[in-house]
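Hi everyone, thanks for making time.

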Amino acid sequence: MKSLSQPILRDLESRILDALRFPLAVMVVVIHSSISKDYHLPDYTALSGTDICVALQILFSHVISAVAVPAFFMMSGYFFFYKAERFDITTYLIKLKSRIYTLLIPYILWNTLYIFYIVLRKLAGVIIKGKPLEGILEYFSQHQWLHMYWDCNVWALDRVNWLGYNTPSNGPILVPMWFLRDLMVIVVLTPILYPLLRRFGKLTLALLAVCYITRIWPILPGFSPGAAFFFSFGAYFSIHREVMVDKLYRVRIPVYLICIPLLILTFLWDGNNTRVGQYIYPFFIIAGVISVICLATNLVPKGYLNFCNRLSPTTFFIYAGHAVFGLLIARMFLMRIIPWSGPDGYWFSVAVRYLLTPVVAIAVCLAAYAVLEWWSPKLLSLLTGNRKR
């Protein structure tokens, strides 16, 4: 890549990052395809059927796929300042207006669709099972009404930072939309971020990296250290007019050598879900995100990811739709064709169902995307933020 001219590098970079979108969306679906949250770390000396199922879940849903959302943040930061000759108030307002269509409107629509689905499901319970109608209002009250669009869901209550303080995560009613929420917050803060990255680039990144690794950060819904660090990491390259994939590809060997043992350790300690794993996890994610970009940089010029470029326009629809209907349909379908009786009795069936769930969910989302593209392109455009690439 060193011998290529800047325009050719830019074109290649665009293809590489475009090709990455679909695999990263697949990883997000895999994250949410977990079998169960109630489990113990596998006993690797015994490796029973249950241990194998849990190990598969940890490897794919908790470790490998965990690089997806940070990579999306990094790419978002890179493209936010991409080819921007200057960043003044006019440029800022133009970019904010653009993000209303690509971020805010889809964010509101998908959360509203999910709320509508919940209401329909509860109304069915009222009609079919005779449940009290007040249960619907009680559900909204429990989720604090308008907070359903911001921070009604809270998880990881036992997660702590290096100072020992709890650092739970939160999100709107449609949990995967926390990514868009945090992205919108960091976009609003770019007038503060830009001069820091321009004047004190590497120092700013180092400080944000420390905050991300130690999780010493204000606990404010929508303002997360991961979003700030990875968005800034990508933004740094654009602000300083550097070709991100080229710069990262040059350090691929040491990054791979760091990433592989970190991946193993993160797998053995279940990623971000154990006290020891929480200390290893952020180091792995940083190395993992860079490794994923380097792998794509190696594969795309050889034509191995051409199908990912073709599927790139479906990425956002998969990201949002899998949580509303994709996984629901996939689990209902697989429940009928593959018997389920708990991981202790039918571990092989459980493992197969786990591995097939994201495949079916993605297929459902792609089918829905094709139907909408044919039936109502305008609605599809609103749902996807008019993302054509």
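Predicted model: local features only at pLDDT ≥ 70, side-chain atom pairs only at ≥ 80, totals over all residues.

Okay, the patch. It covers about 1100 Å² of nonpolar surface, and its members include Leu41, Tyr44, Trp269, Trp347 and Phe348. Which helix gives the most to it? That's α11, with four residues. Helix α11 runs 252-268, and together with α15, at 347-375, it is one of the helices that each supply at least two patch residues. Take Phe348, which sits in α15. Phe348 counts as exposed because its relative accessibility is 56%, and the cut-off for exposed is over 50%.

Now, charges. Side chains of opposite charge can pair when their charged atoms come close. How many salt bridges turn up in a search of the whole structure? Four, and I'll show you some of them.

Start with Arg21 and Asp18, whose side chains meet at 3.6 Å, N to O. Both belong to helix α1, residues 6-31, and they are three residues apart, so about one helical turn separates them. Arg21 is buried at 17% relative accessible area, and Asp18 is buried too, at 11%.

Next, Asp88 pairs with Arg86, with the closest N and O atoms 2.8 Å apart. Here Asp88 is partly exposed, at 27%, while Arg86 is exposed, at 56%.

Then there's Asp246 with Arg250, at 2.9 Å between the closest N and O atoms. Is Asp246 buried or exposed? Buried, at 7% relative accessibility, whereas Arg250 is partly exposed, at 44%.

Methods: Residues numbered from 1 in each chain as written. Heavy atoms only, no water. Patch = residues over 30% accessible without salt bridge, like charges linked within 9 Å, V, L, I, M, F, W, Y side chains within 5 Å. Areas by Shrake-Rupley, 256 points an atom, 1.4 Å probe, with all protein chains shown as cover. Buried < 20%, exposed > 50% of the residue type's maximum accessible area, 1.4 Å probe, protein only.
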